[in-house]
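Work through the exercises below with the sequence and the model open. Each task is followed by a solution in steps.

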There are 4 protein chains.
Amino acid sequence: MSHNTFGHLFRVTTWGESHGPALGCVVDGCPPLLPITAEEIQVYLDQRKPGQNKFTTQRREPDQVKILSGVMVDEDGVQRTTGTPISLMIENTDQRSKDYSEIKERYRPGHADYAYDAKYGIRDYRGGGRSSARETAARVAAGGLARKVIPNILIRGALVQMGPHKINRDNWDWNEVHNNPFFCPDAEAAKFFEEYLDGIRKDGSSIGAVIEVVAEHVPVGLGAPLYGKLDQDLASAMMSINAVKGVEIGNGFEAACLTGEENADEMRMGEDGKPEFLSNQAGGVLGGISSGAPVVVRFAVKPTSSILTPRKSITRSGEEVDVMTKGRHDPCVGIRAVPVGEAMMACVLADHVLRDRGQCGER
Amino acid sequence: MSHNTFGHLFRVTTWGESHGPALGCVVDGCPPLLPITAEEIQVYLDQRKPGQNKFTTQRREPDQVKILSGVMVDEDGVQRTTGTPISLMIENTDQRSKDYSEIKERYRPGHADYAYDAKYGIRDYRGGGRSSARETAARVAAGGLARKVIPNILIRGALVQMGPHKINRDNWDWNEVHNNPFFCPDAEAAKFFEEYLDGIRKDGSSIGAVIEVVAEHVPVGLGAPLYGKLDQDLASAMMSINAVKGVEIGNGFEAACLTGEENADEMRMGEDGKPEFLSNQAGGVLGGISSGAPVVVRFAVKPTSSILTPRKSITRSGEEVDVMTKGRHDPCVGIRAVPVGEAMMACVLADHVLRDRGQCGER
Amino acid sequence: MSHNTFGHLFRVTTWGESHGPALGCVVDGCPPLLPITAEEIQVYLDQRKPGQNKFTTQRREPDQVKILSGVMVDEDGVQRTTGTPISLMIENTDQRSKDYSEIKERYRPGHADYAYDAKYGIRDYRGGGRSSARETAARVAAGGLARKVIPNILIRGALVQMGPHKINRDNWDWNEVHNNPFFCPDAEAAKFFEEYLDGIRKDGSSIGAVIEVVAEHVPVGLGAPLYGKLDQDLASAMMSINAVKGVEIGNGFEAACLTGEENADEMRMGEDGKPEFLSNQAGGVLGGISSGAPVVVRFAVKPTSSILTPRKSITRSGEEVDVMTKGRHDPCVGIRAVPVGEAMMACVLADHVLRDRGQCGER
Amino acid sequence: MSHNTFGHLFRVTTWGESHGPALGCVVDGCPPLLPITAEEIQVYLDQRKPGQNKFTTQRREPDQVKILSGVMVDEDGVQRTTGTPISLMIENTDQRSKDYSEIKERYRPGHADYAYDAKYGIRDYRGGGRSSARETAARVAAGGLARKVIPNILIRGALVQMGPHKINRDNWDWNEVHNNPFFCPDAEAAKFFEEYLDGIRKDGSSIGAVIEVVAEHVPVGLGAPLYGKLDQDLASAMMSINAVKGVEIGNGFEAACLTGEENADEMRMGEDGKPEFLSNQAGGVLGGISSGAPVVVRFAVKPTSSILTPRKSITRSGEEVDVMTKGRHDPCVGIRAVPVGEAMMACVLADHVLRDRGQCGER
């Protein structure tokens with residue numbers, strides 16, 4: 001089967017291929033009366049938009065979002081959600097399908113070509129079809145809506161590693177994130193990445209990355225244990241992003257190395273009279289439920305599989321061939337995964353705010 | 001809300017607390033006519049069973065599973081599934097609720113106590129209630145059934161790291177896994193872990209671990225992109241296991257460090273005339289769809305939060321206290337997560353075999 | 001597939017066969033802190049219980065419900081829901097499997113025998129297996145819990161037609177419902193039914209019935225249009241009950257005969273300052289959303305298919321035979337469908353109260 | 001919440017309002033490789049299209065469907081489904097929003113106005129917004145796709161009653177259905193309806209109707225008991241159609257009047273060596289599973305609530321007013337419900353074919 005919906009009460013269904021006339025999503029279950037404009041959603045799409053610098057694909061897409069349903073201008077001239085499904089559409093404008101004719105019959109190593117063909121017996125080879133990262137534009141649009149559902153939660157993402165090079169966390173400055181083309185919070189590292197990635201780009205190669213997304217002011221109590229745990233749904237959401245190979249919550253794999261004494265976050269009463277954690281190894285989730293501490297997720301993005309170096313592969317008919325992928329590609333797809341990761345975090349949290357309200361009432 | 005079902009066509013709903021009269025699960029959607037006995041399921045429960053050596057909780061539970069519905073003995077005397085829901089029940093016998101009276105009002109650091117109370121306004125403090133790892137017995141039982149749905153797929157798990165100590169993968173021998181109390185495939189490492197963990201146990205401390213689960217002979221084509229991707233569902237399933245903080249598919253976080261040339265698995269035609277991968281960085285999943293290569297998942301388990309060293313915490317009423325957790329606990333909960341990880345892998349694969357058949361027909 | 005769960009936030013999964021060791025259900029998503037005892041649930045099970053008079057099957061089942069999870073006694077000694085899944089179990093005690101050996105190979109006309117065999121290739125012939133109306137005990141138990149979620153809604157059911165004989169609605173008295181073995185609100189009709197049904201019973205025949213379930217004090221705004229409409233979910237719930245062949249909301253099929261003038265319910269402001277309907281043709285639902293008027297559902301129950309008169313049928317192997325069904329059966333299964341219909345109404349409304357709260361907040 | 005998806009493996013999500021820029025649906029889970037063109041879907045939309053004769057609203061909508069995703073032209077020039085989500089869009093062209101300014105503040109009796117406002121606190125009053133029957137265009141489009149999944153099943157609908165006037169079933173001729181503006185299979189009755197409905201139309205009144213949908217050549221074994229029964233899902237689907245107040249399977253409410261002898265369908269072996277039913281009281285469903293006999297569903301449609309006669313109502317602010325509904329309306333909405341009923345039948349059957357294949361394999 002295919003399964004293109006995620007979320008339970010805040011439900012997002014995406015559709016569209018890289019080279020079809022358009023792509024989009026339907027967001028169902030969005031609460032009514034939220035003020036929303038296409039421009040507000042556009043802000044996030046512009047962050048993900050291709051063609052903005054030499055480190056992203058040179059495909060030029062305005063990625064202009066249209067709201068086709070689910071909103072109405074009220075008496076005060078404010079456009080608001082009506083509680084009905086919201087259809088968002090982004091037209092494709094810069095498809096160059098001929099670019100892909102060469103790989104129509106050839107499976108590009110690392111790409112989903114072979115797997116799609118094996119599953120469905122047919123594959124939209126134009127730009128990767130449904131498996132293209134272009135689909136993430138629909139996620140980012142949905143994320144823009146989701147943020148409206150949870151206006152008090154602050155969601156920010158950043159690139160924290162490129163290739164083997166981790167940023168220096170002591171340099172972390174959220175203000176730097178939009179000062180460089182890498183969403184990197186460490187200005188010094190960003191400078192290094194500029195040169196590093198340029199070299200990779202010129203080689204026609206590519207490189208992986210690690211992205212971190214942090215949500216602050218998350219209310220305590222979100223999560224639907226045991227099989228709709230908050231961390232579980234975040235892992236699922238992040239792993240669904242193209243090219244992601246690993247997901248961590250809080251200290252993640254580091255937790256395996258620690259003793260119980262080192263790992264457990266101690267508690268005290270805060271100055272505001274509320275419980276407070278003295279550390280955040282858990283990444284804001286205990287037993288699958290948000291603890292009130294910042295929710296911290298990291299995910300690893302593999303290097304773009306489209307590279308200029310020829311690699312061994314086969315054709316649809318079983319011929320052994322060499323494949324090199326020309327065309328317009330990001331040397332580090334991890335970069336543009338930052339706004340996508342933020343969007344997925346927003347959607348999952350919006351969903352859980354509504355789910356929690358459903359069972360346990362307003363907080 | 002709470003959400004205690006996973007799977008789409010092979011659906012598992014679990015129920016039960018650590019100190020209630022019983023726990024269990026209902027498996028819905030299991031194909032009819034599969035031969036199955038309680039004894040076959042028991043094999044897996046026995047692997048997870050507590051009290052088997054000094055490295056697991058000394059709680060003594062026979063963990064005897066009963067099949068309450070969904071099967072019938074046919075004319076040849078073979079008990080078979082009938083296609084209707086299968087209810088599995090395991091009675092609790094060795095609850096000692098007084099052990100927990102002390103922490104009734106106190107939140108144990110690292111545990112779900114505070115989060116459950118904050119969410120639900122009530123918390124079954126006896127042995128962790130619903131958040132106890134005892135619930136994983138129900139998963140293991142469901143996994144026993146799931147294996148029957150996919151008899152040709154070989155699923156095996158192993159502990160590959162304890163604390164900072166990784167096994168030597170050159171020593172990997174699946175036959176060793178059941179020769180030591182750690183499910184460790186490296187006999188040498190197992191010997192080391194014996195001493196290492198004994199030290200931790202005697203200190204009343206605990207330690208984390210990394211578990212790897214491998215599925216071989218997985219048919220190509222499983223997975224329901226874009227939001228029911230095979231790797232996504234595996235990430236979700238593994239992250240739902242108690243104490244898990246990170247999940248990787250294939251090379252996982254290592255992928256972030258690699259170039260496209262290093263990371264992409266090249267293809268050739270195999271001797272059997274079928275496509276073959278020359279490496280398996282991808283861990284058997286491309287574009288969310290199984291590629292035919294072994295599916296490889298790793299997950300990090302944090303150290304048991306129950307330790308003898310006092311830690312700062314608070315009570316339900318906001319008093320600041322120190323908490324130490326007596327009682328019977330595993331010094332390394334990661335160990336018993338091995339059969340649980342296998343069970344989750346089995347359930348996810350069984351589900352996807354049925355889902356794929358639903359959309360794309362029999363393979 | 002089989003699909004044994006209903007509801008979205010208040011989710012009920014039932015399991016069990018007529019002649020297995022037990023049957024039951026898991027209720028997931030029930031809000032925490034609701035006071036609940038097995039005795040309160042038992043009240044409803046006792047209404048559905050077989051063997052209470054000559055008009056119901058003579059199978060003797062105490063139908064004693066046990067709560068296996070999801071509750072805890074609080075400090076005041078009150079047993080409360082904890083927000084985790086609630087497992088309810090009813091043991092079968094009076095199975096007489098030999099009664100059914102005769103029809104093991106024969107398909108009973110009107111029963112699900114042939115259809116189950118054709119679908120699953122195996123069929124639990126003992127007492128109808130999973131297709132037995134015994135399963136409705138689990139629904140009634142779940143309904144008892146559901147009522148706790150919506151304590152202010154009054155749900156009552158009644159038999160309003162037996163065979164071609166409708167009750168006189170002018171005689172409607174809810175107090176009469178528990179004064180006769182038919183749940184009939186018209187004392188006069190009940191007297192007639194006594195004699196009428198006795199004749200049918202003695203002939204070894206059976207007869208159909210129509211049941212009406214009314215919910216009062218339903219808050220306005222319940223329902224999840226367009227595909228989770230309140231009336232749609234009620235139609236689905238009632239049609240899922242054994243032997244039901246038709247469902248109506250409000251005036252139902254009568255609406256087809258009316259003009260717009262006759263059918264539309266006019267509105268005025270009530271004395272309490274709230275909107276009020278001057279009639280209730282709509283049965284309390286407009287556009288799939290509750291209007292605040294009583295929700296009225298009726299459903300038709302076919303006659304018991306188990307009759308003493310031989311009917312033409314075939315065997316599993318395709319032999320043509322005559323089948324008559326001995327054993328212990330209700331001459332009018334519609335009667336015991338009354339508490340089942342009430343339970344389904346309670347479950348659907350509880351679900352929608354939670355769903356509505358999830359999207360639109362507390363009312 | 002709102003809930004705008006139906007189906008389990010063949011999943012349809014609809015979106016759009018009467019007076020928005022467009023409406024449409026996303027069909028997810030459609031098997032790959034099915035040949036499909038927009039023209040084939042258009043055939044069914046043209047049957048539902050408004051403005052075709054004096055008995056339907058004079059709104060003029062071309063209702064031209066576009067396929068935005070999920071298909072690709074293969075090497076032989078045949079456009080085929082790719083197994084990914086199929087987005088269908090229909091642009092609105094003839095909205096006249098001023099028509100509705102009058103009823104912006106007034107609740108039209110019988111319409112969903114009050115209920116939507118009460119639920120969401122906001123209501124798209126233009127042409128009924130989301131509650132408009134215009135949404136059914138999206139269902140019909142989805143139904144066109146669904147038929148491609150089940151090419152061997154013949155699905156046909158007909159109007160069998162208008163007001164109190166039932167057709168003569170002895171005159172039933174499927175060929176007549178498209179010879180009159182009522183989808184009426186009885187030529188004689190159609191002639192009568194012409195005059196009858198014209199009178200109602202001239203009076204500015206409206207009338208109800210009963211629609212029957214029949215599916216032939218349905219394979220035995222479809223249905224997912226106990227809570228995804230085929231008849232249950234059909235009841236749910238039909239009840240979700242605008243203005244539907246009752247649903248019957250087979251003999252429906254008539255079953256309540258019958259004895260077990262009269263009601264049970266006897267079986268014999270057919271000439272083709274397959275089991276055969278000697279009657280079809282059950283309407284092709286036993287125990288929630290298709291029996292191989294034609295599946296027969298009937299549903300009652302209430303009269304259009306938009307009438308010229310003033311009716312008592314209230315405004316948003318609680319003023320008591322009289323409301324009459326001008327604008328362009330169908331005097332008998334039941335008529336255009338025929339292609340909608342067929343579409344829902346097609347979607348439900350397509351879904352169950354895939355679900356059944358998922359659990360029980362190819363038939």
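The model is predicted.

**Exercise 1. The largest pocket**

Task: Describe the lining of the largest pocket by class, by residues nearest its centre and by contributing strands.

Solution. Start with the classes: the lining of the largest pocket has 14 nonpolar, seven polar and 11 charged residues. The lining consists of 32 residues, and the space in the pocket is about 960 Å³. Next, look at the centre. The residues nearest to it are A:F253, B:K166, B:E248, B:F253 and B:E254. Then turn to the strands. From chain A, β8 (154-162) supplies at least two residues of the lining, as do β8 (154-162), β10 (209-216) and β16 (295-301) of chain B. The largest contribution is that of β10(B), with three residues.

**Exercise 2. The five-stranded sheet of chain B**

Task: Give the strand order of the open five-stranded sheet in chain B, and explain why one side of β1 and of β4 is left without a neighbour.

Solution. The order is β1-β2-β3-β7-β4 in chain B, and the pairing is antiparallel. Strands β1 (5-6) and β4 (65-67) of chain B are at the edges; each has a single partner strand, so one side of each lacks a neighbour in the sheet. For the pairing inside the sheet, take β3 (residues 22-28) and β7 (residues 86-91) of chain B: they run antiparallel and are joined by six bridges.

**Exercise 3. The five-stranded sheet of chain A**

Task: Identify the edge strands of the open five-stranded sheet in chain A, then find which helices lie on the sheet.

Solution. In chain A the five strands are ordered β1-β2-β3-β7-β4, with antiparallel pairing. The edges are taken by β1 (5-6) and β4 (65-67) of chain A, and since each has a single partner strand, one side of each is left without a neighbour in the sheet. Strand β4(A) is joined to β7 (residues 86-91) of chain A by three bridges, and the two run antiparallel. Within this pairing, A:M89 in β7(A) is the bridge partner of A:K66. Helix α1 (residues 38-48) of chain A packs on the sheet and touches β4 and β7 of chain A, its direction making about 150° with that of β4(A). Helix α3 (residues 136-149) of chain A lies across β2 (11-16), β3 (22-28), β4 and β7 of chain A and runs at about 35° to β3(A).

**Exercise 4. Backbone geometry**

Solution. A:L226 is placed in the loop between β10 (209-216) and α5 (230-239) of chain A. The peptide bond joining A:P225 and A:L226 is cis, with omega about 5°. A:H217 is found in the loop between β10 and α5 of chain A; this residue is not a glycine, yet has a positive phi of about 65°. In chain D, the peptide bond from D:P225 to D:L226 is cis, with omega near 5°, and D:L226 lies in the loop between β10 (209-216) and α5 (230-239) of chain D.

How values were computed:
Residues numbered from 1 in each chain as written. Chains lettered and ligands numbered in written order. Predicted model: local features only at pLDDT ≥ 70, side-chain atom pairs only at ≥ 80, totals over all residues. Heavy atoms only, no water. 1 Å grid on protein atoms, 1.4 Å probe; cavity = no way out; pocket = protein on both sides within 12 Å on 5 of 7 lines; lining within 4 Å. Points joined across faces, edges and corners; volume = space filled by probe spheres on them. Helix = DSSP H or I, 4+ residues; strand = E, 2+ residues; numbered from the N terminus. Nonpolar A, V, L, I, M, F, W, Y, C, P; charged D, E, K, R; others polar. Pairing = 2+ DSSP bridges. Contact = heavy atoms within 4.5 Å. Axes fitted to C-alpha atoms, helices over the stretch in contact; angles between N-to-C directions.
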